[in-house]
Amino acid sequence: SQISGWDPVVKTLRSNDQTSNFSGKTGAGFLQRFSDGSAIPSLNRYKLFDTSVSHYPVGGRIEVTRQTMLYRDFAGVFDESNDLLTAVKVYLSRAAAQIFNRAFTAGNGVTGGTRVVQYADGVQLASTAHPRADGGTAQSNASSTSIPLTESNVEVGRIALLNQLQDDAVPMLNPGPLYLVVGINNSKTAQIITGSDKRSGTANNDVNIYAGGAMIVMESNWLDAGISGSGVGSNTQWFLVAPNWAKLAVVISAGPELEFLKDKDTKSHLWDVILDLGVISYDWRGSYCSQGNNAAFTI
């Protein structure tokens, strides 16, 4: 079930393994015309890069001493189990956001308290040089000039996303609705761009093609500068995601498990919660990324 609040942009997947392995392939490519009586043309399928994520435990404990339990006021206000379940939701919400906060950083690693594994094509999620499994021309899903969030730049990103190719140069199909993913600092601009009856910021009467559910805003303060942790996030970054194509996920292999214990020495009451999870992007397609700060970006 979805408990991070990021559905459908970031999926919540379940696994029974300590390590989850992801791979994929292209389709069969383009059919070819051939002459009657001739051999049917051979087609190629290309295997994509393998990406693996190990599940690490996260958890927490609330301890209440014996006398506090006996004599505390407002006992009905204190619900330790509910507080721990809320803490799980907070952690998962922040964890999913780190896929985006780490998008412009090379390699796997910890961002905002969460270890993020990126697609194993040798570059980060946001890159101007994603290699192709067939050896063809590399592809980009990032703005090389870090275009800011404006109505016209959203169109630049939309076109770039919808023109993404499989690794055999065949176009992608059926992207579905697009999501404009932003921090709170960009949410007003995002809502104006997508929700106006007509094109925002113009004096003409052109239709707003993003309205009516064609582009949906997903906002999160976890993407803003410093909210997820010191040096994490940005007040200018923005992303487009096509959930039908995107491979962004929080993978949970165990839990959340709640347990009540009593310390045999102190008689304190203990409430524990633990879960095992991994955070991963196992393909870059279905996403378009911009730092939004007008800075040159190439990798």
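## Close-up views of a predicted model

**View 1. A look into the largest pocket.** The largest pocket has 18 residues along its lining, and those nearest its centre are K25, L48, M172, K247 and D283. Keep in mind while browsing that this is a predicted model. The space inside this largest pocket comes to about 310 Å³. What sort of residues make up the lining, by class? Seven are nonpolar, six are polar and five are charged. Rolling a probe the size of a water molecule over the atoms is a way to show where empty space is left.

**View 2. Stepping back to the whole chain.** Here the chain can be taken in with its four helices and twelve strands. The chain has 299 residues, and 43% of them are buried. Take the contacts between residues at least 6 apart in sequence: 72% of these join residues at least 24 apart.

**View 3. Inside the largest nonpolar core.** This core holds 42 residues. Which of them have the most contacts inside it? They are W6, V10, F100, V181 and L277. Several elements give two or more residues to this core: the helix α2 (80-101), along with β4 (56-64), β7 (178-182), β9 (238-241), β10 (248-262) and β11 (269-281). The largest share comes from α2, which supplies nine residues. Now pick out F100: leaving aside neighbours within four places in sequence, F100 is in contact with W6, V9, V10, V181, L223, Q237, F239, V241 and L248. Apart from this core lies another one, of 18 residues, and I193, M215, V217 and Y288 are among them.

**View 4. E80, a buried glutamate in α2.** E80 is part of helix α2. Is E80 buried or exposed? Its relative accessibility is 8%, so E80 counts as buried. Who does E80 touch, once residues up to four places away in sequence are set aside? The answer is I62, V64, R72 and W271.

**View 5. S20 on strand β2.** Find strand β2, residues 19-22, and you have found S20. S20 has a relative accessible area of 7%, under the 20% limit, and is therefore buried. Which side chain makes a polar contact with the side chain of S20? That partner is H55, at 2.9 Å. Beyond four places in sequence, the residues in contact with S20 are S15, T51, S52, V53, H55 and V251.

**View 6. T19, also on strand β2.** T19 lies in strand β2, and with a relative accessible area of 30% T19 is partly exposed. The side chain of T19 has a polar contact with the side chain of S54, at 3.3 Å. Not counting residues up to four places away in sequence, T19 touches S52, V53, S54 and H55. How far apart in space are T19 and S253, C-alpha to C-alpha? They are 8.7 Å apart, while 234 residues separate them in sequence.

**View 7. Two cis peptide bonds.** As background, most peptide bonds are trans. The bond from D7 to P8 is cis, with omega near 5°. P8 belongs to the segment before β1 (11-14). Another cis peptide bond joins G255 and P256, and here omega is about 0°. P256 lies in strand β10.

View 8. Most residues other than glycine have a negative phi. A169 is not a glycine, yet has a positive phi of about 75°. You will find A169 in the loop between α3 (151-162) and β7. With 28% relative accessibility, A169 counts as partly exposed. N174 lies in the loop between α3 and β7 as well. What is phi of N174 near? The value is 55°, which is positive in a residue other than glycine. N174 is exposed, because its relative accessible area of 64% is over 50%.

Conventions
Residues are numbered from 1 along each chain as its sequence is written. This is a predicted model: local features need pLDDT of at least 70, side-chain atom pairs count only at pLDDT 80 or more; totals for chains, interfaces and linings use all residues. Side-chain values use heavy atoms; hydrogens and water are left out. Buried means under 20% relative accessible area, exposed over 50%, partly exposed in between (1.4 Å probe, protein chains only). A polar contact is a pair of N or O atoms within 3.5 Å; within protein, one must be able to donate a hydrogen and the other to accept it, and residues adjacent in sequence count only if both atoms are side-chain atoms. Contact means heavy atoms within 4.5 Å. A nonpolar core is a set of buried Ala, Val, Leu, Ile, Met, Phe, Trp, Tyr and Cys residues joined through side-chain atoms within 4.5 Å. On a 1 Å grid over the protein atoms alone, a cavity is a set of points where a 1.4 Å probe fits but cannot get out, and a pocket is an open set with protein on both sides within 12 Å along at least five of seven lines; lining residues have an atom within 4 Å of a point. Grid points are joined across faces, edges and corners, and a volume is the space filled by probe spheres set on the points. Ala, Val, Leu, Ile, Met, Phe, Trp, Tyr, Cys and Pro count as nonpolar, Asp, Glu, Lys and Arg as charged, and the others, Gly among them, as polar.
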